[in-house]
Amino acid sequence: MEEYQDHSLRGRVFRRLREDILSGVYQEGDELREITIGEELGVSRTPVREALRQLELEGLVTIIPNKGAYVTGISRKDVADIYQIRSMLEGMCARWATEHITEKQIEELEEVLLLSEFHLRKKNEGQAEQVTELDGKFHKILYEASNSRILEHVLSDFHKYVQMARAMSVGEKDRAKKSINEHREILEAIKKHDGEMAGKLANRHILNVMENLHLAEQEIKIKNQEVF
């Protein structure tokens, strides 16, 4: 029982730290102090140390002996690699989802699209966050519909790893509208039981997101140059 609790604590600390790194709470180069994290999360240093080792295996943290643990973060190349790999896996996911999706899941996808379109028309402060959250929900339902725990796990992890980049890509209104339209096309192909088309559309959708991200970065660079 004690061993189970220790593993459970390590898992909780690991998930919290990974989420904080991927969401930008911790920036590249930040030191992750075992004592400070333990006090914040109400745990001893042991599960924190184990979580940091696990994060090092994932490439998110670098542990320097006799010095400390530092955030490595996700590089631009990492993001580009993830999107390239994800584009192929998302295509596979859409094809498999066409074979296994339930009526309930189709209804859930329809509801997500309707809500996405509704929030896109609204002009409130949290619009971008709501649209981005719904974008993630659309993909999550597709992952579940693929009927593959392995594929769902891998794609869910990829989704988390690029969440900051994804928010920048989906958050802009024109790009968000295109993304929602692409989601609609994928769903229509699935409803027609055209797995091949659904796969091609899903693959293209992720490549478009990657291209949108590149354009967004270029726009930010231009704006920064104008400011300075």
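Modeller: Let's start with two helices: the axes of helix α4 (residues 76-100) and helix α6 (residues 127-145) come within 8 Å and cross at roughly 60°. That angle makes α4 oblique to α6. Bear in mind that this is a predicted model.

Colleague: Thanks! Which residues of α4 and α6 make the contact?

Modeller: On the α4 side they are Arg86, Glu90, Cys93, Trp96, Ala97 and His100. From α6 come His139, Leu142, Tyr143 and Ala145.

Colleague: And is the crossing of α4 and α6 left-handed or right-handed?

Modeller: The α4 and α6 crossing is left-handed.

Colleague: What about α5 and α6, at what angle do their axes cross?

Modeller: Helix α5 (residues 103-121) crosses α6 at roughly 165°, and the two axes come within 9 Å. Angles over 145 degrees count as roughly antiparallel, so α5 is roughly antiparallel to α6. The crossing of α5 and α6 is left-handed.

Colleague: Let me zoom out. How many helices and strands are in the chain?

Modeller: The chain has 10 helices and 3 strands. Read from the N terminus, the elements go α-β-α-α-β-β-α-α-α-α-α-α-α.

Colleague: What percentage of the residues is buried?

Modeller: Of the 228 residues in the chain, 43% are buried. As for contacts between residues at least 6 apart in sequence, 73% of them join residues at least 24 apart.

Colleague: Now the strands. In what order do they sit in the sheet?

Modeller: The order is β1-β3-β2, in an open sheet of 3 strands with antiparallel pairing. Strands β1 and β2 are at the edges with a single partner strand each, so one side of each has no neighbour in the sheet. Helix α3 (residues 45-57) packs on the sheet and touches β1, β2 and β3. The direction of α3 makes about 115° with that of β2.

Colleague: How many bridges does β3 make with β1, and how many with β2?

Modeller: Strand β1 (residues 31-32) pairs with β3 (residues 68-71) over 2 bridges, and strand β2 (residues 61-64) pairs with β3 over 4 bridges. Ala69 of β3 is the bridge partner of Leu32, and Ala69 is also the bridge partner of Ile63.

Colleague: Is Asn66 buried or exposed?

Modeller: Asn66 is exposed, because its relative accessible area is 86% and the cut-off for exposed is over 50%.

Colleague: Which other non-glycine residue has a positive phi?

Modeller: His193 is one, with phi near 60°. His193 lies in the loop between α9 (173-191) and α10 (195-227). The relative accessibility of His193 is 64%, so His193 counts as exposed too.

Colleague: Switching topic: why does Asp20 count as buried?

Modeller: Asp20 counts as buried because its relative accessibility is 11%, and buried means under 20%. Asp20 sits in helix α1 (residues 2-22). Apart from neighbours within four places in sequence, Asp20 is in contact with Val25 and Tyr26.

Colleague: Last one, Met92. Where is Met92 found?

Modeller: Met92 is found in helix α4. With a relative accessible area of 26%, Met92 is partly exposed.

Colleague: And how far is Met92 from Ala198 in sequence and in space?

Modeller: Met92 and Ala198 are 106 residues apart in sequence, while their C-alpha atoms are 9.1 Å apart in space.

How values were computed: Residues numbered from 1 in each chain as written. Predicted model: local features only at pLDDT ≥ 70, side-chain atom pairs only at ≥ 80, totals over all residues. Heavy atoms only, no water. Pairing = 2+ DSSP bridges. Buried < 20%, exposed > 50% of the residue type's maximum accessible area, 1.4 Å probe, protein only. Contact = heavy atoms within 4.5 Å. Axes fitted to C-alpha atoms, helices over the stretch in contact; angles between N-to-C directions. Parallel < 35°, antiparallel > 145°, perpendicular 65-115°, else oblique. Left-handed = near helix turned anticlockwise from the far one by under 90°.
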